[in-house]
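Please look at the sequence and the 3D structure below. The paragraphs after them go through a few places in turn.

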Amino acid sequence: MSVVAEHSTIAHTSLGQLRGTLEGGVSVWRGVPYAQQPVGDLRFRAPQPLTPWSGIRDAVEHGPLPLQGRSFVGGGRDDPKVRDEACLTLTVWSPDTGGALPVMVWIPGGAFVYGAGQFQLYNGSRLAANGNVVVVNVTYRIGVFGGFELGDLGADFDDNLCLRDQIAALRWVRDNIAAFGGDPKRVTVFGESAGATSVLALLASTAAEGLFVRAIAQSPALPLIADREVRAEQAHRFLELVGEDAAKLRGLPQRRLRRAAGQVQLESVQRTPTLAYGLTHGTDLLPRHPIDAARAGEVLPVPLIIGTNSHEASMFAWGKPPMLPTTVAGVEGYFLRNHAAAREHILAAYPAYPRRRALIAFGSDVMFGAPTWAFNDAYSAHAPTHVYRFDHATWTLRALGLGATHGSEIVHVHHSYGSYLGRKLHPLGRHLPPSVGRRMQRTWLDFARAEIADWPFYDSERRLTRVIRSTRDDTVADPDAPRREAWEGTH
C-alpha cells in the first residue's frame, strides 16, 4: 500500500534508525522487522535476532502478509495483498515519540491459518490517539510455516513457531519501544481468537516472563492447543502426504507444503475440535495446557481481562464447518468422540436442542465458552481477573440472525469503523462511534494505564461478569451458570 506522508519521523532503535510517517497527528512505522526473515535455512526454525544496520531504513510500507488464503477479515481494498514467507514485521503507532507511554501489543487471530497485523480491521491509529498509548501490531507465521507443528520431525524443526515469533516481537518491544515514546515496563498484550489463545499461552510460558505486565484475551479458542502426541501424529501424516523425507521440506515449494497441511486439517476435524493448526503443549516453551498451568499456579500472575461473545458460533454456522458442532450431526458426532457418557447431562443445559439457537450455543461453548470458563476459575485464584460477556449486536448482525458473533467486538476496541468489516457492521461508526465502542475502548485503555474502576474482580464463588450491552454495561453473577455447570469437569 502506498503511503503519503504528511511528515517523516525518525526513531533511533537499538538496531538502527527507522523513518516512519506522521499521519493525522500520530506517528506510524510500517513493515518494521523484529527478527530475521524465516526463509531459506531459517524456514521452520525459531526466529533469529536481527543484525544492526547503518543509515536510515524506511518504514513507510507494510511488509508482506503471511502466506494464506483469502478471508473476509482482510477483504478490504486498503488491506495489503502481497503474501510471502518473509513476514516477521510489526506496525507501531505513537501519539508522542518523546513520551513514556503505556504500550498495547496486539496479536491478531485467524485460527493460526489466517490473519495479519496489517489488516485495517486492526488499525491502531485511533486507539493510540484516543488513549495516548503506543500501539504495536504483530504479524507472525501462520499455516504450515508457523501454525502447524513439525517440532517432532527432528532438530531442524522448532516447535510452536507462531508463539516463538510473538515472544520475539515482545522482546523487540522491550528493547526498542522507548525510541517510539513507549514505556517497556508498561506493556499490555492483547488479542482475539487465536491471538487471545496465544495470550493465554504466553501466560503459561516462562519464556514470556517480564515481557508484559497486563493481558487481555478476547474470545480465546483453547481447543486450538493440543498435546505433543497429537501434533506428532499430524506431522508424520503431513510427511506421508508430502511424500518426502523431513530433511527435504526446507527446499520444497510452499504450495506443495500448504496443500499437504490443508489435507491434514480436513482430516483433523474428525477429532473435533482438535485441529491441525494451533499450539502445542508438552514442550519446553509451553509445558502445560493453559488451563492445567493455571490450576497448578504455573502462570505469570498479571492482571487479566478475558471474555467471550454471546453468539460466538453464529457466523461459523452459516458454512456448517465440521470443526465446529453447529448441526445435529455435528453435535452427535462430537459426543461420539468426546464426553459420550455426559451427553444427556450436557444437552440438558440446552433445552431448545435441536433448534438453531441451541446448536449455536453448543458450538460456541465447545470452542470458546466452556474452556474459557474453566480457565477463568483457575487463573482468578492467582491474579486479578476481569471477565466480560459481549452481547452488543448491530442492526446488521441482528438482521442476519447472527447476534454478537465471533470477532464483532474488534471494531469497538480499535475504533476501526472505516475498515471493510467495520463499514459493514457500523456504517455510521466513522462519523459517530457508538456508545458501546466508546465505553469498551475506554475500558481497555484504562486497564492498560492501570486506572480501571467499577469492574469487580472475578472469583470462582461469585463469578461476577461484566455484560457489555448496546447502551450500558451490567455486572451479573455467573450469567451462563446452567451451561457452565454442565461442562464442569470436562476441561
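The side chain of Asn-123 makes a polar contact with the side chain of Ser-125, at 2.7 Å. A polar contact is a pair of N or O atoms within 3.5 Å; within protein, one must be able to donate a hydrogen and the other to accept it, and residues adjacent in sequence count only if both atoms are side-chain atoms. This is a predicted model, in which local features need pLDDT of at least 70 and side-chain atom pairs count only at pLDDT 80 or more, while totals for chains, interfaces and linings use all residues. Residues are numbered from 1 along each chain as its sequence is written, and side-chain values use heavy atoms, leaving out hydrogens and water.

Asn-123 sits in the loop between strand 6 (101-107) and helix 1 (125-131). Helices (H or I, at least four residues) and strands (E, at least two) are DSSP runs, numbered from the N terminus. Asn-123 counts as buried because its relative accessibility is 17%; buried means under 20% relative accessible area, exposed over 50%, and partly exposed in between (1.4 Å probe, protein chains only). Leaving aside residues up to four places away in sequence, Asn-123 touches Trp-93 and His-414, where contact means heavy atoms within 4.5 Å.

Just after helix 8, His-339 has a positive phi of about 55°.

Finally, residues of helix 4 (228-242) meet residues of helix 5 (254-268). Among those in helix 4 are Phe-238 and Leu-241, and among those in helix 5 are Leu-257 and Val-264.

Technical notes:
Axes fitted to C-alpha atoms, helices over the stretch in contact; angles between N-to-C directions.
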